[in-house]
Amino acid sequence: GLVRSFESEYECGTVAGQVTTSQSGGGGMKRGVVLSAEERREVLRMLGGGKSPKAAAATQSDCTNEVLSQMQSQKTLLSAFSATKSKTTSLLPVRKHVDKVLLRKLASKVVSLSKSREGQVYVPKKAEVDNALKMIESEWNDATTDSSMQQSQRSVLSTIRLREAPLQTLRRLMRLFLCAGGGPGSMRGDGTNGWRSCLVEGDWHKVEYPGLNSRFGLEAYPLQKYFVAEPDHSSVTRVFETLNEFALFEIGAELRSSIDQAIEAYETEKMIRRRKEKSSMVTDTSQPDSVSVVDVFHLLAKDGRFNLVRKVLSCLDNPNNELELLTICRKIENDVQQLNTIRDSMSEHESLILTTSIVCRWMLQFRIVNSFSSSLSVRPWLRHLSLDAIMTYITWDAVPLL
């Protein structure tokens, strides 16, 4: 998904207890990054390190992470008698306390807003807050009834954060939007469409958005008035049925982007060679700019090929995953070994194109033999987003080089 909660107790303690000091008027004001001063004191109290108001005021200007310090200094009974002295195992659990404090504050706020009158603020009672908290937990459990989720994942999460940089998330969303909207007619990157890498910094400012161009009058789509809006239904509005299908599309999109760059660089190299051969007859010595190619998955190395196959198989419901992984990699390495006999006569870009096509050829055969189907197959206008379609085009791109 695009968001996540804390990955460890250490990260939770680091973020929950983090404070900053803002300088204003010659003095400093202590402000929590996530929790307020009252919430931090409540979490500290649950950890067994609560301070009196007088002691708390004495450290008001101190930006020490008191929550993390309490987690590291105080030990649980289990860790006190444990033979291991690992620093990570001696941390007090704090995530459940942070969730409890924030969720209770949310329940209190819900009750207060629901019963407040104009000009008056209602102070909720403890029983009302408890009932509101039970309602929040009940609604969360109804929304997370997926049997594949672990019990720890079903508990109410009070804090979430973006899994990656916002610009990276935006690029991934726009790539899917542009590739899906482009249709099967655009299966290769042309420098302006969505088939480009999100893992490598590229020329995203050169991407063209048909809807934006249409509104600015730069492009015309005369047949758009004949389109009929489909009713709001999950089978129409949802591109992928599962998260694994989306992960396979992203793998294919990264492969497609890498191959497009390699093909462009290969064609540029051929043009440069031809110009050098005719240099004696041509006075123009200008050369085209070289194209930078990034081997995203490091397919020119054995470990890179192995990791890519393993990444694809991890998205498939296959009980014999490890056995199939070794079988596919063995077939790939046999073909790559044959390719290495003539590698000296090829450029690095030719080698990347041919090696990628070998990897795609054996992964594609594995999916065909084992009859792996995609929910996109029943919707022809989205079939080009499937990994099978992408790998087929990549394999075909190697034919002119043979």
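Modeller: Start with helix α16 (residues 387–397). The cover over its buried residues includes α12 (243–277), α13 and α15. Helices here are DSSP runs of H or I with at least four residues, strands are runs of E with at least two, and both are numbered from the N terminus. Contact means heavy atoms within 4.5 Å.

Colleague: What kind of model is this, and how are residues numbered?

Modeller: This is a predicted model, where local features need pLDDT of at least 70, side-chain atom pairs count only at pLDDT 80 or more, and totals for chains, interfaces and linings use all residues. Residues are numbered from 1 along each chain as its sequence is written, and side-chain values use heavy atoms, with hydrogens and water left out.

Colleague: Which residues of α16 are buried?

Modeller: First the cut-offs. Buried means under 20% relative accessible area, exposed means over 50%, and partly exposed lies in between (1.4 Å probe, protein chains only). In α16, the buried residues are L387, A389, I390, M391, I394 and D397.

Colleague: At what angle do α15 and α16 cross?

Modeller: Axes are lines fitted to C-alpha atoms, for helices over the stretch in contact; angles run from 0 to 180 degrees between N-to-C directions. The axes of α15 (residues 348–369) and α16 come within 8 Å and cross at roughly 140°. That makes the pair oblique. The classes are roughly parallel under 35 degrees, roughly antiparallel over 145, roughly perpendicular from 65 to 115, and oblique for the rest.

Colleague: Is that crossing left-handed or right-handed?

Modeller: Left-handed means the near helix is turned anticlockwise from the far one by less than a right angle; right-handed means clockwise. The α15 and α16 crossing is left-handed. On the α15 side, the contact residues include I353, C360 and L364. On the α16 side, they include M391, I394 and D397. The residues of this contact divide into six nonpolar, four polar and four charged. Ala, Val, Leu, Ile, Met, Phe, Trp, Tyr, Cys and Pro count as nonpolar, Asp, Glu, Lys and Arg as charged, and the others, Gly among them, as polar.

Colleague: How do α13 and α14 cross?

Modeller: The axes of α13 (residues 302–313) and α14 (residues 321–340) come within 10 Å and cross at roughly 140°. The α13 and α14 crossing is right-handed. F306, V309 and L313 are among the α13 residues in contact, and L325, I328 and I332 among those of α14. This contact has nine nonpolar, one polar and five charged residues.

Colleague: Where do the buried residues of α4 sit around its axis?

Modeller: The arc is that of the directions from the helix axis to the C-beta atoms. In α4 (residues 66–73), V67, L68, Q70 and M71 are buried. They fall within an arc of 160°, so they line one face of the helix. Their cover includes α1 (9–16) and α2 (37–46).

Colleague: What does R171 touch?

Modeller: R171 lies in α9 (residues 166–182). At 12% relative accessibility, R171 counts as buried. Not counting residues up to four places away in sequence, R171 touches C198, E201 and W204.
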